[in-house]
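Have a look at the fold and its voids before reading on.

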Amino acid sequence: MPSAISKEPLPLPAWKRPASTTSQLPWADISVIDISTFDEPGGKERLAEQLRHAVQTTGFFSVIGTGFTDEEVTRQYSIGQAFFNEPLDVKNKPELRCDFGKGNYFGYRAANEKKVMGTEVKDNVESVNIAKFIPELASEPRHDFFNPYLAEIEDFSRRSLALASKIFTLFAIILELPHDYFSSKHAYSSKSEDHLRYMIYRPRPVSQDALVENSWSRAHTDFGSLTLLWSQNVAGLQIKTKEGEWKYIPPVDGGIICNVGDAMQFWSAGYLKSTIHRVIRPPPDQDHIHRLGLFYFVRPGNEVDIAPAPSPLLKRLDLVKNEDNGQVKQKVTGLQYVRERVKNYHDHNDYEDRRGKTFKVGDLEIEDEAA
């Protein structure tokens, strides 16, 4: 990979945050957690109780007090915007594309290549995923466009996982495990499928969206441990509640929207839920906007076992057993699960309706899309 890194940030057209919708929408009531109190006396324990409530209700929550400034977040959105404004033939180089046949999600994914729900409507999602900045992942695809911005992208990437590590500490406290139980399985220096993602949804004609139930990203769970999404104002992200209702995730000023992924559901034997969510066509006052997103997806270390953790809480709740009756469970690693999940989800020509289906690797099974 080219190693040229600019010491001074290069100027880019600044991304402008879209105005909030004026539509009256059914918003989810998500918890907002101020993680700036993490290092205060008793702070971790208080935050853990707030988080316990969040993950047992909606499964989504927002963190504020993260240390990321509005200027830094806007800059990352501006980098993503500038990349997506490049011509398709510049972005879509074969050697830099995601290799879904191998379950490799690093690199570029073009829009308008796959059908949706068996129709002739094409998917409208374009994304680029950048691996962690460690020598072991230096050969993964990364577009030359990003070279002038690598120093600031790397800083943003490392700080994203550092924030996630605090949340993993809270999960460990909830499950009565050593504080580093989960954070140690997600070290930045360890090879994993973690990535920083820039993603954009391209608007479609209302007539086409009507053919696919207004779906811009079909209902799914996230494949890793934890997802960070820097809050933006274009409505469309929805979660499925325990009551079976779809509700919109509200924007939170200065917030990062977080949700539990499949691996954390497996480690917690279902105590922490990997919530089903989707993206649909925005309301009329926003449906013309190219919906830009900024994410950090946290995946388990490649060799980490994602079997249920030896949590005293889970044992008391009878979610895990003290004895396995001599049965040998098939080990499933972070790399194995994520790669198989990516292949299953993306290595085809049609984002079909999967309501009522499940996905399974070894003894680990997740609901692919709720019926």
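The protein chain has eight helices and 16 strands, counted as DSSP runs from the N terminus (H or I, at least four residues, for helices; E, at least two, for strands). Its radius of gyration is 20 Å, close to the 21 Å from the globule rule for 371 residues, so the chain is as compact as a globular protein of that length. That radius is taken over C-alpha atoms, and the rule is 2.2 Å times the number of residues to the power 0.38.

Keep in mind that this is a predicted model, where local features need pLDDT of at least 70, side-chain atom pairs count only at pLDDT 80 or more, and totals for chains, interfaces and linings use all residues. Numbering starts from 1 along each chain as its sequence is written, and side-chain values use heavy atoms, with hydrogens and water left out.

Of the 371 residues, 57% are buried, meaning under 20% relative accessible area with a 1.4 Å probe, protein chains only. Among contacts (heavy atoms within 4.5 Å) between residues at least 6 apart in sequence, 79% join residues at least 24 apart.

Now for the voids. On a 1 Å grid over the protein atoms alone, a cavity is a set of points where a 1.4 Å probe fits but cannot get out, while a pocket is an open set with protein on both sides within 12 Å along at least five of seven lines; lining residues have an atom within 4 Å of a point. Points are joined across faces, edges and corners, and volume is the space filled by probe spheres set on them. The structure holds four cavities of 30 Å³ or more. Here are two of them with a pocket:

| Void | Volume | Lining |
|---|---|---|
| Largest cavity | about 500 Å³ | 33 residues |
| Second largest cavity | about 100 Å³ | 13 residues |

Closest to the centre of the largest cavity are R197, M199, Y201, S217 and H220. Elements giving two or more residues to that lining include β6 (195-201), β7 (215-220) and α8 (334-346). Around the second largest cavity, Q232, V234, L237, I249 and R291 lie nearest the centre.

α1 (43-57) and β16 (364-367) are the elements that give two or more residues to its lining, and β16 provides the largest share, three residues.

Conventions
Buried < 20%, exposed > 50% of the residue type's maximum accessible area, 1.4 Å probe, protein only.
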